[in-house]
Amino acid sequence: MPSPRLPTRLMPLAIRFGVVPLIGDLHNHCGISYGHGSLEDALTNAQRQLDFVSITGHASWPDMPVGEPSVSHIVDFHEMGFARLAAGWPEHFVTLSTFEQPGAFSVFPGYEIHSSAHGDYTIVLRDLTASELILSDSPGALLKDLRATFGDSAFAFPHHIAYRTGARGISWDSFIEELSPVLEVVSMHGSSETSLTDRPFLHSMGPGDGHNTVHHGWNSGRLFGVLGNTDHHSGYPGSYGHGRSAVYAPENSRVAIWSALHQRQTVALSGDNIHVFTALNGAMQGGVIEPTSEATLDLEVVGGSFIDTIDVIKNGALLHRISPELDPRPIGSSDNLETIMVLELGWGARGSWHDWEGSVRVRGGTLDAIEPRLRGPEVVSPLEAGEHDAPVPTQIMQRESGYDFELRAYANPNNATQAMQTIAARVQLTHDAVLEFSLSGKHFEIPASRLLSGAVSGNLGLIDTPAFRVHPLPRPHEWQWQGAKPIGPLEAGDWVNVRVRQKNGQFAISSPIFCR
């Protein structure tokens with residue numbers, strides 16, 4: 001179970017609004033339909049690094065191109081997956097219920113409907129009571145049928161929206177705000193924020209289209225918040241680097257998270273659990289304000305690494321670019337160095353893997369919280385080999401002034417795809433603190449002062465052997481920022497949101513504050 005995310009002193013603005021960030025993944029897959037890994041293993045993996053989860057089954061595709069020989073292999077595995085989910089759907093509620101931990105880990109049932117015409121939608125249910133699959137063939141019909149069966153305890157959100165309309169991208173003509181208070185902007189498919197992004201769509205389904213991005217939707221007057229989810233197919237919710245969501249709610253319960261989702265109190269994350277909180281004229285992200293002649297945006301950011309830029313965006317145009325290096329405004333203050341210690345494990349000969357075991361201790365300081373950044377196997381299609389279906393030893397146990405761990409890390413499959421396993425920790429260090437590492441029988445010490453000037457890396461053996469890296473330590477002003485920025489006048493139809501980009505390539509996109 002993840003340790004507490006942040007102390008209240010590092011998120012005073014959010015606390016003033018009575019909410020805290022809860023991290024989850026509402027769209028991911030395992031072997032309950034087509035995918036890899038058991039439902040039990042998927043939920044166990046989710047508990048290691050998330051506060052809430054929904055495990056998604058593939059349920060139907062009303063306009064699937066049946067009868068087209070060139071895609072018959074795709075049709076076949078979809079039909080088999082749909083049948084598998086339908087057969088196991090009633091019993092899977094029992095498994096979901098056994099994993100829920102009130103106040104600590106919330107579980108939502110969920111399934112997915114593909115649509116060439118309208119785009120793919122993930123349906124999420126609030127309650128764990130066994131229920132039927134509602135398989136409607138359009139967003140309008142889906143809203144009607146979900147309301148008839150579940151009342152207000154079901155909603156659906158479109159995902160990988162940037163694919164072109166007609167090829168499982170969003171259709172804004174059939175998008176319904178009442179059905180979809182939020183939609184998915186980032187996942188393993190890529191980023192649907194804007195036309196140009198460093199997370200382009202690379203899947204065989206094709207590239208993204210600029211009119212199917214969230215900026216286009218907001219500029220067209222539509223009201224919705226954003227999620228990040230993995231859409232991972234190997235039973236590993238929250239798989240690092242593919243997408244996560246931060247939902248701002250007063251407590252970890254299905255009811256509180258549900259309410260926050262419908263109020264769009266969300267931030268889409270690519271990987272790191274970045275805290276981004278915005279407030280404008282009494283409203284937080286996702287809120288709606290009236291037109292005003294002058295507005296000021298209050299903002300606090302707590303990163304998971306060095307913050308590169310914080311962009312304030314109005315109606316799709318860059319209004320302010322904040323660089324903490326040029327304008328340092330840390331949130332917290334401490335006699336010691338409060339920082340983020342990141343240990344990264346992996347590499348080695350292509351096609352290999354290594355079972356790491358070891359420990360980390362802080363001498364001359366304290367370890368306050370751990371943030372697992374764990375990846376599942378990069379297996380997407382059910383037609384790929386399922387050699388990664390079996391669970392692997394994974395443990396991270398916080399100890400006094402440190403932690404112990406067991407992890408399997410696969411070698412990077414190519415020079416562009418990362419497969420490393422990572423553990424981040426928020427620590428407080430004295431000026432003469434030393435970090436002690438035991439990594440698969442290799443023991444060494446690194447003075448904190450050394451990591452203030454750069455990363456430290458090493459191998460377990462000679463070239464092409466498993467390797468490790470301890471990231472450089474950011475100073476408080478390099479991973480925290482708070483302040484206010486003028487927005488100017490706001491008219492009906494305007495929107496303002498924030499994008500945070502870190503130097504390690506991870507980012508966060510907040511839901512806007514809307515003017516109506």
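Predicted model: local features only at pLDDT ≥ 70, side-chain atom pairs only at ≥ 80, totals over all residues.

A charge counts as sitting over a ring if NZ of Lys or CZ of Arg is within 6 Å of the ring centre and within 35 degrees of the ring normal. With that in mind, look at R408, which lies over the face of W353, at 3.6 Å from the ring centre.

R168 lies over the face of W61, and here the separation from the ring centre is 4.8 Å. Where is R168 in the chain? It is in the loop between strand 5 and strand 6. Buried or exposed? R168 counts as buried, at 12% relative accessibility. The C-alpha atoms of R168 and G119 are 4.0 Å apart, although the two residues are separated by 49 residues along the chain. If we leave aside neighbours within four places in sequence, the contacts of R168 include W61, H78, E112, H114, D120, H160, Y163 and M205. S115, S116 and G119 are also in contact with R168.

Next, rings with rings. How many aromatic pairs does a search of the whole structure find? The search finds 17. Take W172 and F175: their ring centres are 5.5 Å apart and the planes stand at 80 degrees, so this pair is edge-to-face. The cut-off behind that label is an angle over 60 degrees between the planes. W172 is buried, with a relative accessible area of 9%, and F175 is buried with a value of 9% as well.

W172 has another ring partner, F224. In this case the centres are 5.8 Å apart and the planes are at 25 degrees, so the pair is stacked. The pair links distant parts of the chain, 52 residues apart. W172 is in the loop between strand 5 (154-158) and strand 6 (182-187), while F224 is in the loop between helix 5 (214-219) and strand 8 (225-228). Both W172 and F224 are buried. Ring pairs join W172, F175, W218, F224 and W495 into a cluster.

Now to charges. Across the whole structure, a search finds 22 salt bridges. One of them is between the side chains of D127 and R254, at 3.8 Å from N to O. D127 lies in the loop between strand 4 (121-125) and helix 4 (139-150), and R254 lies in helix 6 (residues 254-262), so the pair ties together parts that are 127 residues apart in sequence. D127 is partly exposed, with a relative accessible area of 29%.

E193 forms a salt bridge with R499, and the closest N and O atoms are 3.0 Å apart. This pair also links distant parts of the chain: E193 is in the loop between strand 7 (190-191) and helix 5, R499 is in strand 26 (residues 495-502), and they are 306 residues apart. E193 is buried, at 5% relative accessible area, and R499 is buried, at 14%.

Elsewhere on the list, salt bridges that share partners join R9, E338, D368 and R426 into one network.

On to the nonpolar cores. The largest has 92 residues, and the members that touch the most others are Y111, L146, V276, I310 and V500. Which helix gives this core its largest share? Helix 3 (residues 72-99), with five residues. As for V276, its contacts beyond four places in sequence include Y248, V267, L299, V301, V498 and V500. Q285, E300, A508 and S510 are in contact with V276 too.

Strand 6 and strand 8 pair in the parallel sense, over four bridges. L183, for example, has V226 in strand 8 as its bridge partner.

Definitions and conventions:
Residues numbered from 1 in each chain as written. Heavy atoms only, no water. Phe/Tyr/Trp six-rings, centres within 6.5 Å; stacked < 30°, edge-to-face > 60°. Buried < 20%, exposed > 50% of the residue type's maximum accessible area, 1.4 Å probe, protein only. Helix = DSSP H or I, 4+ residues; strand = E, 2+ residues; numbered from the N terminus. Salt bridge = Lys/Arg side-chain N within 4 Å of Asp/Glu carboxyl O. Core = buried A, V, L, I, M, F, W, Y, C linked by side-chain atoms within 4.5 Å. Contact = heavy atoms within 4.5 Å. Pairing = 2+ DSSP bridges.
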